[in-house]
Amino acid sequence: MNKIPWQDKPENSTDVMWRYSNNPIIDRNAIPSSNSIFNSAVVPFGDGFAGIFRCDNKAVQMNIFAGFSKNGIDWDINHEPIEMKAGNTEMIESAYKYDPRVVFIEDRYWITWCNGYNGPTIGIGYTFDFKEFFQCENAYLPFNRNGVLFPQKINGKYAMLSRPSDNGHTPFGDIWISYSPDMKYWGEHRLVMKPTPFEDSAWQCTKVGAGPIPILTDEGWLMLYHGVINTCNGFRYAMGAAILDTEKPDNVKYRTQPYLLGPTVNYEQVGDVPNVVFPCAALHDLEEDKLAVYYGAADTVVALAFGKLSEVVQFTKDNSL
């Protein structure tokens, strides 16, 4: 197994998760055309790692790019966006692509993203080598964002989390789960989680959305997610965790009342969209009890945070709503 990025907790830290000391790991101008690079996904690949990156260009056109790294920290991102071929459909129209996730299931790497087709919906594609990419049918009608696949079938079906939305900067949002027999037709939509009442946990009282690919633990599926509060200075995004039932993941067993990571340092508070911590990928090592989370900071750069997987699970149980 590839060694995931890691840095021990600072001696003076009491937090369950801590930031990489050399954040951000990917700056906004890492490729010549970019205005910003953020909200991106990473998986083990070959003798290192591969990633799908959201790179907005200097016209602020949103697209996804492939990239590679030996250590998960230093990245070589392609200078041209991914060109899709037809997968299980001839309809591969896309006005924009952003906020990708990526996961290996069975024999290939599946990619989901927010796809522009008469409004935002969930695009799906796959690759075997991160060189050739195939686009499939959109999963849902517009409007939807934050499509996150589970890393294995549940009761014989593919499963995906999403957040139905509207056509703008949605001032609401619940997490839903849907199932598919074939990665083309999606149904059996079930509500998973809603925002909290303001007085119970204000940081997640406006909307919530799934983040990285869920991680299967002894307690159930660990789902890292973003929560949003609408403040007098606009939306503020932070990261929390929930544990979903293994066989019935629409059943939330535990959910953090306090956030795990919020926008409290400069590169999270200052950028194109201030005060954003937006997790999109997580690498884990069960044997070494390590968790590395990639997140977009201030809609501008990519940053990295670490935690002990067992401690994140226990914190979620001990501090549940």
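Reader: Is Lys157 buried, partly exposed or exposed?
Author: This is a predicted model, in which local features need pLDDT of at least 70 and side-chain atom pairs count only at pLDDT 80 or more, while totals for chains, interfaces and linings use all residues. Residues are numbered from 1 along each chain as its sequence is written, and side-chain values use heavy atoms, with hydrogens and water left out. Buried means under 20% relative accessible area, exposed over 50% and partly exposed in between, with a 1.4 Å probe and protein chains only. Because its relative accessibility is 29%, Lys157 counts as partly exposed.

Reader: Which residue forms a salt bridge with Lys157?
Author: A salt bridge is a side-chain nitrogen of Lys or Arg within 4 Å of a carboxyl oxygen of Asp or Glu. Here the closest N and O atoms are 2.5 Å apart, and the partner of Lys157 is Glu188.

Reader: How many residues apart in sequence are the parts that this pair ties together?
Author: Helices (H or I, at least four residues) and strands (E, at least two) are DSSP runs, numbered from the N terminus. Glu188 is partly exposed at 39% relative accessibility. Glu188 lies in strand β14 (residues 187–193) and Lys157 in the loop between β11 (144–149) and β12 (158–164), so the parts tied together are 31 residues apart in sequence.

Reader: What is the order of the open sheet that has 4 strands?
Author: Two strands pair if DSSP finds at least two bridges between them. The pairing in this sheet is antiparallel, and the order is β11-β12-β13-β14.

Reader: Which strands stand at the edges of that sheet?
Author: An edge strand here has a single partner strand, so one side of it is left without a neighbour in the sheet. The strands in that position are β11 and β14.

Reader: Which residue forms a salt bridge with Lys317?
Author: Lys317 is partly exposed, with a relative accessible area of 25%, and its closest N and O atoms to the partner are 2.9 Å apart. That partner is Glu219.

Reader: Where do Lys317 and Glu219 lie, and how many residues apart in sequence are the parts they tie together?
Author: Lys317 lies in helix α2 (residues 309–318) and Glu219 in the loop between β16 (215–217) and β17. The pair therefore ties together parts whose separation in sequence is 98 residues.

Reader: Which residues are linked with Lys3 in a network of salt bridges?
Author: Glu288 is partly exposed, with a relative accessible area of 27%, whereas Lys290 counts as buried at 17%. Glu288 forms a salt bridge with Lys290, with closest N and O atoms 2.9 Å apart. The residues linked with Lys3 are Glu288 and Lys290.

Reader: The side chain of Trp221 reaches the backbone oxygen of which residue?
Author: Trp221 is found in strand β17 (residues 220–231) and is buried, with a relative accessible area of 1%. The side chain of Trp221 comes to 3.1 Å from the backbone oxygen of Thr246.

Reader: How many disulfides does the structure hold?
Author: A disulfide is a pair of cysteine sulfur atoms within 2.5 Å. The closest cysteine sulfur to that of Cys205 is in Cys232, and because it is 13 Å away it is too far for a bond. The number of disulfides is 0.

Definitions and conventions. A polar contact is a pair of N or O atoms within 3.5 Å; within protein, one must be able to donate a hydrogen and the other to accept it, and residues adjacent in sequence count only if both atoms are side-chain atoms.
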